[in-house]
Every structure is written in C-alpha cells, then in structure tokens.
Amino acid sequence: MSTTPALSKPDRAPTPADVPPRLSSPARGVWARVRPVALPVGSLLLFLVLWQLLAASGTWSATLVPPPAKVWDAFIDVSTTHDGVRGYNGTTLVEHLGISLQRITLGAGIGIAAGVVFGLLMGTVGWVRSLFEPWITFLRTLPPLAYFSLLIIWLGINEEPKVTLLAVAAFPPVAVSTTTAVAAVPKSLIEAARALGASRWAVVRDVVVPSALPETLTGVRLAVGVAYSSLVAAELVNGLPGIGGMVKDAANYNNTPVVLVGIIAIGVSGLVIDGLLLRLERAVVPWRGRA
C-alpha cells in the first residue's frame, strides 16, 4: 500500500481575478516611444552637470577646463559678429564647418570610390588581391601624420595635400570591407548564375555587387569616420578657413573654449552624417539583418 500522500486538488479553476495585475500597457507604450529621445537627452544633461561640477571644483584652472557657460559664449562669438569681429578669423563657425565638409566630401569620395573598385577587383581576381592587399594593409596601419608632411612636400600647402590625405585615409576601410564581402559571396549563387548563361560582368553586377553591398556600406561609414578623425591633421597647415584649422589655431593661443566648440562641431556633424548614411543603408539594403 502506497504511503505517498494524495495531492489536494484545487476546489475551482483560477479566474481572471486571481491573476496578478501587470504593468499598464499605455505606460509601457509611452516609455517605449520616448526612450530613444529621453536616454540621450538624460545622458547629455548628466554630462553637463558633471562638467559644471568639475569646472567649479577648482581642481584645474578655467583655461584648461572652462565651464559650459564659457564654451557657450565662445560658440556665440564664433557664430556671429561681435565687437566688429566676424566669427573666428573673419569666418563664422558654419562657414568653417562648410569648408571642411567640402574637403571631406571630395577627399573621402575619391577614397571611397577607389576602395570599392579595388575591393571588387581583389575579391574577384585572385592575383590582384595577392598583389595589392599587403600594400593596403600597410597603408591602413599608418597614422595620417606619418605621411602628411610628405604630401606637403610633394603637393604644396594648398588644397591638394588636404584632399589627398582624406582620400588616403578613407580608402583602406572600404577596400578591405568590399574585398571581404565579395570573397564571402556564396559560390552556389555564382555557379547558378553562370549555369543560366550569365556573363562574368553580369555575375558581378547582378550577384556579387548586391551580395557585397551591405558590408560595403558599412565600410563606407567607417571610411567617413576615419576621414573625420583625420580632419584636424589634414588642416594642420594652411587650414584656415576650416573647422580643423580653427581648432589648431585656437590651441596655439590656449583658447580652450573655441577648441571645445570646434571639437563639438566636428562630433555633432559627424553624428548627423553617420545617421544619414545609416538611413541610406537601410533604404538601399532593407533586407539586412532579416532572416
């Protein structure tokens, strides 16, 4: 005879009243909508508060760590005409930034176009990859300042060395990402296209390029970021007008507020451009990240 006690059965089935209440759906919906904006704004406010506390603590002088209000005043000064002086060195902040963006557009555009072409060639032709890949890797590891002086000797101090530096900085990320993406295209797709009578050019156009496009666009975003990080280096010599030249010139006079204004302008414009590139990527390759 079993000695296991019998389990008691519930007297009745649970009713909706027995289920514990969950969080309000409308509240969760509102938080989900405002979270993408609330979190960045909250982190920015926290950063400004910490910055103000650090500046007010007196640990460093105002020359080294100016308070946010002083940086804001510098922003107003370099953006308008004050005391008969227009902007910084006769050019407003928007004009400095616009000239630098023109240099980045031209230089990074050349580097990106060359990187895509070389990436396609290296990904589809084995001997081309063996020939050029070591040189591209060598170029990718060089910091911009390592060859900027040489570009000045060769090309002078005008726009040519700046644009060339930005092009050389943007070229390797696109070339490497495109090469990797082309080499990773499934062989079954290529063989199927050839079996259907597609020419070599048609295979590249209709199979290889669409398959490699997502990684290529990622390389483009990386290339633009590298070009932005090289901007101040590109405008070290004869960089005015230009946002990098403004930062360099203000640093020579220990004008930290203007330096911070320039750095913030470069960062914010970089965020905007990266956001636009991300939107372009989602529009061109909407299938990315989906099964």
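Reader: Which helices each supply at least two residues of the lining of the second largest pocket?

Author: They are helix 3, helix 6 (159–183), helix 7 (187–195) and helix 8 (200–229), where a helix is a DSSP run of H or I with at least four residues, numbered from the N terminus. Helix 8 provides the largest share, four residues. The model is predicted, so local features need pLDDT of at least 70 and side-chain atom pairs count only at pLDDT 80 or more, while totals for chains, interfaces and linings use all residues. Residues are numbered from 1 along each chain as its sequence is written, and side-chain values use heavy atoms, with hydrogens and water left out.

Reader: How is the lining of the largest pocket divided by class?

Author: The largest pocket has a volume of about 270 Å³, and of its 14 lining residues, F75, L93, V261, I264 and A265 are the closest to the centre. Its lining has 13 nonpolar, one polar and no charged residues, given that Ala, Val, Leu, Ile, Met, Phe, Trp, Tyr, Cys and Pro count as nonpolar, Asp, Glu, Lys and Arg as charged, and the others, Gly among them, as polar. The lining of the second largest pocket divides into six nonpolar, two polar and three charged residues. Helix 11 gives the most to the lining of the largest pocket, with five residues.

Reader: Why is the pair of R103 and E159 called a salt bridge?

Author: A salt bridge is a side-chain nitrogen of Lys or Arg within 4 Å of a carboxyl oxygen of Asp or Glu, and the closest N and O atoms of R103 and E159 are 2.8 Å apart, so the pair qualifies. R103 lies in helix 3 and E159 in helix 6, 56 residues apart. The side chains of E235 and R103 also meet in a salt bridge, at 2.6 Å from N to O, and R103, E159 and E235 are linked in a network.

Reader: How do you know whether R103, E159 and E235 are buried or partly exposed?

Author: Buried means under 20% relative accessible area, exposed over 50%, and partly exposed in between, with a 1.4 Å probe and protein chains only. R103, at 5%, is therefore buried, as is E235 at 1%, whereas E159, at 35%, counts as partly exposed.

Reader: What makes the pair of E281 and R221 a salt bridge, and which parts of the chain does the pair tie together?

Author: Their N to O distance is 3.8 Å, which is within the cut-off already given, so the pair counts. E281 lies in helix 11 and R221 in helix 8, so the pair ties together parts that are 60 residues apart in sequence. E281 is buried because its relative accessibility is 8%, while R221, at 25%, counts as partly exposed.

Terms used:
1 Å grid on protein atoms, 1.4 Å probe; cavity = no way out; pocket = protein on both sides within 12 Å on 5 of 7 lines; lining within 4 Å. Points joined across faces, edges and corners; volume = space filled by probe spheres on them.
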